[in-house]
Amino acid sequence: MSGVWPEPLPAPAAPPGPRILDIRDLRVSFPGKGWRAPRVEVLHGVSLDIRPGETVGLVGESGSGKTTIGRAVLGLAPVHSGAVEFRGERIDRASARRRRRLSQDLQVIFQDPFASLNPSIPVGETLAEPLHAQGVPGRDARRRVLDLLGRVALPADAAQRLPREFSGGQRQRIAIARALAIGPKLIVCDEPVSALDLTTQRTVLDLLLEIQEQTGVAYLFVSHDLSVVRYMSHRVNVIHRGVIVESGDAEQVTTAPRHPYTQRLLLSAPVADPAAQRDRRAALDRRRAEENT
Amino acid sequence: MSEALTSDNHLPAGAAAPRRAKPVRRFLRNPQAVISALVLGVVGGAVLLAPLLSTDPGAAELSKAFAGAEPGHPLGFDSAGRDVWSRLLHGGRNTLGGALIALAVALSIGVPSGLVAGYYGKWFDAVANWAGNFVMALPAMVVLLASRAILGPTMWVLMVVLGVLVAPSFFRLVRGIVATVRGELYVDAARVSGLRDRRIIARHVLIVVRAPIIIQIALVAGIAISLQAGLEFLGIGSGDLPTWGAMLNEAFQNVQRSPLFMLWPGLALGITSAALVLLASALRDVLEDGGTPPPRPRAARRARVSAPTTSDSAGARAALLSVRDLAVSYGSGASAVDVVRGVDIDVAEGEVVGLVGQSGSGKSQTAFSVLGILPEGGRVSRGSILIAGTEVVGLPEKRYRALRGGVVAYVPQEPMTNLDPAFTVGGQLVEPMRLRLGLSRKAAAERALELLRQVEIADPRRVFDAYPHEISGGMAQRVLIAGAMSCDPKLLIADEPTTALDVTVQAEVLELLRRLQAERGLGVLLVTHDLGVVADLCDRVAVMNAGRIVETGRTAQVLTRPQDPYTRTLIEAVLDDAPARPAWVAPRAADGAEVPA
Amino acid sequence: MLRFAVRRLAAGLFLLFVVSFVSFVLLSVPNLDVARQLLGQSAPQHAVDAKTAELGLDQPILARYAQWLGDALAGDLGTSWFTSENVLTAIGHRLPVTLSLMLGVTLVTAVLAFLLGVWAGVRRGAVDRIVQVLGVVGYALPGFLVTLVIVLVFAVQLRWFPAIGYIPLTTSVPGWLSTVTLPILSLSVAAVAGVSQQVRSSVIDVLRQDYVRTLRARGLPPGRVLFRHVLRNAAAPALTVLGMQFVGLLGGAVLVEQIFGLPGIGSMTVTYTTRGDTPVIMGLVMTTVVCVVVINLGVDLLVGWLNPKARAA
């Protein structure tokens, strides 16, 4: 995969409607390893936007920078240049105080449900955390926690238990409940199902869809899996080495991609039907042969 | 929603750990913890109440020098005719008090600086870390002696210096843990939840460092007591202040005359230090999670399984690999858990058989038992495994070893952790070939380079000389495949060989496996959770759930017309054929909310 | 590897510099009237002033430090205030005693700790528990207490070895052995206890690594896997602990030399610090820190050789 890919395709015209999130020409760089090492840029000018209630997928391989985009939106990665606008307001340089207020509207679900819950804090307290941060009084917070647990189909006594008493899928439900605690407008979903088994994966995805239908929350959905992104997203962005190479409607990008990298990504993912996979493999071989000539 | 719940609860029971007792109760149930805490309590109490329990430690009656016990003086008199019991108790006050000062100083320097350095990093971390290393490189005893030259012979001041000297042990501990916690996703999640740094440190960070700090306190207290007593023993403390170290010094001066005088201060010092360290090690068990269960006796791991009876259940057995009624158990007796319960599987020459299942289904355990490399505590408890006609269940290790690498080879899941970091790639490829094929160093190196070429590595020479951390994951997996091929096996056991790889790299590695399999006529047992990989590579497939095989058959038939309900659930969860999400339509609710009334 | 070694060496030299500066300044702060102390209360003031000037104590601290540093770099650590001995010569006489102790302890520890640790880590079960208990006890007891018990048992009661005194190696080899055996034994207890625990836990850790399973799956004999692969990977953390123990051993040597009456650096430290003899104390501090730096450098290089990843760090 060290080949040089053609230039990214021009982004399609911005779709109509109000935007909840607007990222323009975002660059993120991290300090290099070692003393006086130059900074390493991982995002080279990324632009994307999300409308209220919409899911925008972001698909790429490891090291592509897909996770960094989500972290930059959340203020967990340093923005070097470019703009992140949330509901019409610049947030890329938001103060710690502004960030704390933003947490009402902007939430996250991380990849690893084992790492995203503190193992020594009972689930109920973890869920109450965002409520306390927003100044919800204790009694209301407790009621809200029970409400949230019911919403993600966990029993009420889950509040007193520690994360290790739950399975991977259940923990991810807890993480979803935490993200929903204060009724956010946008949730960054960073590979929310890639640590889960196939059958659990499907139920968690369906829960996310159901929540979106009920609340009108928007998702920035980050994943390495084209089929998951396709299932979840209205629009899809394909990112490779810090650059978005193709974006468009889910159907178009995931079935008839135009950029060679997306095509390669699609053909590389095996499908669970031997006959279809034989065709896909043949197509991949042809592509490889073309690329080599 | 209800459907979601039920299928989620399908997960193997082992995925969720049982509840643990509260720390206090665990402490009370640990005899080592209770006894050492009691000992420390008695010592501390006696020392605190010294003025009530004994007389003036300085009062000397020269006539009574070396006299034995008498009423009111249970331990007799020392060389200057002073009451040993009084000196022991008052000495304890000074010794333990000094250690306490040192501990307090060390804690108040080490913990806050560790918290700040670990949480915020940057320049403070760099400076504090250097200072910590600097102090740790100083021999404490020499520094204390030098400090005495500067500060004079005041024990209490020296204890402050000692506190500074042992502070880095707290600093390092706290800094290390906090830096790890700082990178945890749950701290990120708390920040996104709108928590202030102060609150995050108080809630998420302190709770994690609490237990290690308590353990370290006990350890450092032991060290402080030992150094304090050592200083006093050298006779350079505060003149005739009674301490255990000073008492030992006096006793040692008179060792030829009356060696027994060393007994009481020695005992006091030894018991206190030992109780502290034993308390620390018991606290570690009590407070830290995931204490490893006691290892099972070795004998059980080697237990021979009675030779299998000829299987009549599953027809003719394949020539290359044939597994019948395999069971794998962990633990022994009543607590034994079966993770594989009666598995039959066959791989013929040149055939690729997939073994699919979700995590915890027992598929990897099946693969490990074929290779005879089950993790510690696991054993084949029943069944038969024939590899190229040889029964390997109960086979002596030496003969089994002859099969491994030569007849049956292994490709693991995680490429980066399966290469020994201390040896070059070439070294690791050459070693088995020299040993097993008896090749010369040069011949083996040539063959290794040839193998690297065969697994389509562009620059074999460079990779040959590289260390594992210098190559990428995809490259490492190719190296592992080359290693598996090095002694021309007939059967390949591949355990999730592409799971850790990116999808484009996965496609290349699958292609490579397919080519090698066809060229060499390999039989392959491919363990995977990915039905796409199965469709791509396998002739036949076996579906595993909860330690059992629920369905076996030709790949096309199982994947397109599954018979078993579990297989059907699995295939229905695949998203390949699910429709793409239709284009976004402005939600009415959201619109309504945005439009001013 | 060379760059790695040079970097470590530079760090060590920097450490030496800082230690020398800090100790020099701290030792100069109390500003005792050294000249008065030397000449006695009855000496006339002008003689005291002359002595002060002779010792260079009328200069500002930084100037004195610069002077000391320049001399030290030229190989001259000055002379003792009280005995007029050349510091370097005095230390040179006593250093071999301490070094021979250290060498003995390091050898005993390396051999015993690795044997015990590997045995416990590989066999587990009862052997493991015994080694662990020994480790905890050996670590728990204050070193000088252990030394006293050893003296009591082997020298006072059994009379197998002399309780006190030193015979140089050059005078008589058996004599030397008889005088250093108990000190080495005393110092080794804690070191063996600490290092064997580390060896044990890293052996157990490495045995659980994926690559050990893969090596077994390639058909390598268990002995080869253990001695070539497991030991090499487990040795690095154990060596680091051994290096850290060494710093503690230098402190322990102070007590042990005092108890056995060995004329080494340790007993010298006790004698001269009680008198506040700044040039000698500086010399002693620098000597011990040089020992620590050299040992750490050795450990770093060994770890770097064993573990190629550490070299890059």
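User: How many helices and how many strands does chain C have?

Analyst: Chain C has 13 helices and zero strands. Helices here are DSSP runs of H or I with at least four residues, strands are runs of E with at least two, and both are numbered from the N terminus. The model is predicted: local features need pLDDT of at least 70, side-chain atom pairs count only at pLDDT 80 or more, and totals for chains, interfaces and linings use all residues. Side-chain values use heavy atoms, with hydrogens and water left out.

User: What makes a residue of chain C count as buried, and what percentage does so?

Analyst: Buried means under 20% relative accessible area, exposed over 50%, and partly exposed in between, with a 1.4 Å probe and protein chains only. Of the 313 residues of chain C, 49% count as buried.

User: How do you know that helix α10 (residues 197–233) of chain B falls short of a straight helix?

Analyst: The expected span is 1.5 Å times one less than the number of residues. With 37 residues, a straight helix would reach 54 Å, but the end C-alpha atoms of α10(B) are only 47 Å apart. There is also a kink of about 50° in α10(B), centred on B:Leu206; the bend at a residue is the angle between axes fitted to the seven residues ending there and the seven starting there.

User: Why is α10(B) called largely enclosed?

Analyst: Of its 37 residues, 26 are buried, so α10(B) is largely enclosed by the rest of the structure. After the helix comes B:Gly235, with a positive phi near 75°.

User: What makes residues of chain C and chain B count as in contact, and how many do?

Analyst: Contact means heavy atoms within 4.5 Å. By that rule 64 residues of chain C are in contact with 65 residues of chain B. The area buried between the two chains is about 6000 Å², with carbon and sulfur atoms giving 71%; buried area is the accessible area (1.4 Å probe) lost on putting two parts together, summed over both. C:Phe144, C:Arg213 and C:Arg218 supply 11% of the area that chain C buries against chain B, more than any other three residues.

User: Why is the pair C:Arg224 and B:Glu431 called a salt bridge?

Analyst: A salt bridge requires a side-chain nitrogen of Lys or Arg within 4 Å of a carboxyl oxygen of Asp or Glu. The closest N and O atoms of C:Arg224 and B:Glu431 are 2.6 Å apart, so the pair qualifies. Across this interface of chain C and chain B the rule finds three salt bridges.

Note on methods: Residues numbered from 1 in each chain as written. Chains lettered and ligands numbered in written order.
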